[in-house]
Amino acid sequence: MFHDISPDMQQVMRAMEEQLARDQASLRSVDSDVARILSLLAQSAPAGTFLELGSSGGYSSLWLSLAARARGVKLTTVDLSEKKVTLAKENISRAGAADVVEVFHGDAFDFANRFDKLAFCFSDIEPPELNAKIYEIVVPRLVPGGWLVVDNVTSPRHQKQFIERAYSDPRVDCVLLPFPKGDMICRKC
């Protein structure tokens, strides 16, 4: 999957990585290692819907598009910022992934409530404290074996209660990976 990334997608990814290195706040994207793990997890997900909450500029969407294409499904991604939605659409189109990624302007909570058979969900919304509420919406909607990945769970503003909730929740098995800002990876039992 990673060895077959098109030159157009590689070019867009590199440009976004360079922008991120210069100015993290401009994109607020995950780093490349997190993006790769997202793609691997999505590739291993059972049958069902792929959802991303918080598109930013579309960097993680591009990595997830690799798994979506390999699986023959579409990724739905949503962001509350019209500016980021426009940027994500442009990047996804330039990378040649518009056929497998649908980008929407809207509320993450609304979109999280729209799907009942989630196979994979990545939540990277702002402010990060809202991800605890997303967790409670998404987990019941995951199919058995489905994945929920929540970004920014160890940022200074939160989330000890959320982390404890996930670890003690009998509906999921989870692990906290100490990437730059922490990623809680949960698999539905």
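Ser-56 has its place in the loop between strand E1 (49–53) and helix H4, and this residue of the predicted model has a phi near 50 degrees, a positive value in a residue other than glycine.

**Backbone features in the loops**

- Ser-56, whose phi is positive, has a relative accessible area of 8%, and because buried means under 20%, Ser-56 counts as buried.
- Asn-152 also belongs to a loop, the one between strand E5 and helix H8 (160–168), and its phi is near 65 degrees, again a positive value in a residue other than glycine.
- With a relative accessibility of 6%, Asn-152 is counted as buried.
- The loop between strand E4 and helix H7 (131–138) holds Pro-127, and the peptide bond that leads from Glu-126 to Pro-127 is cis, with omega near -10 degrees.

**Packing of H1 against H4**

- Helix H1, which covers residues 7–22, packs with helix H4, which covers residues 59–71, at an angle of about 150 degrees, and their axes lie 10 Å apart.
- Because angles over 145 degrees count as roughly antiparallel, H1 and H4 are roughly antiparallel to each other.
- On the H1 side the contact is made by Met-9, Val-12, Met-13, Met-16 and Glu-17, which meet Tyr-59, Leu-62, Trp-63, Ser-65 and Leu-66 on the H4 side.

**Nonpolar cores**

- The largest nonpolar core contains 36 residues, and within it the residues with the most contacts are Met-9, Phe-50, Leu-62 and Phe-120.
- At least two residues of this core come from each of H1, helix H3 (32–43), H4, helix H5 (82–94), strand E3 (101–105), strand E4 (118–123) and strand E5 (142–151).
- Helix H4 gives the most to this core, supplying 7 residues.
- When its neighbours within four places in sequence are left aside, Leu-62 is in contact with Met-9, Val-12, Met-13 and Met-16, and also with Asn-91, Ile-92, Ala-95 and Ala-97.
- There is also a second, separate core, made up of 26 residues, and among them are Phe-111, Ile-125, Val-139 and Cys-186.

Methods:
Residues are numbered from 1 along each chain as its sequence is written. This is a predicted model: local features need pLDDT of at least 70, side-chain atom pairs count only at pLDDT 80 or more; totals for chains, interfaces and linings use all residues. Side-chain values use heavy atoms; hydrogens and water are left out. Axes are lines fitted to C-alpha atoms, for helices over the stretch in contact, and angles run from 0 to 180 degrees between N-to-C directions. Helices (H or I, at least four residues) and strands (E, at least two) are DSSP runs, numbered from the N terminus. Angles under 35 degrees count as roughly parallel, over 145 as roughly antiparallel, 65 to 115 as roughly perpendicular and the rest as oblique. Contact means heavy atoms within 4.5 Å. A nonpolar core is a set of buried Ala, Val, Leu, Ile, Met, Phe, Trp, Tyr and Cys residues joined through side-chain atoms within 4.5 Å. Buried means under 20% relative accessible area, exposed over 50%, partly exposed in between (1.4 Å probe, protein chains only).
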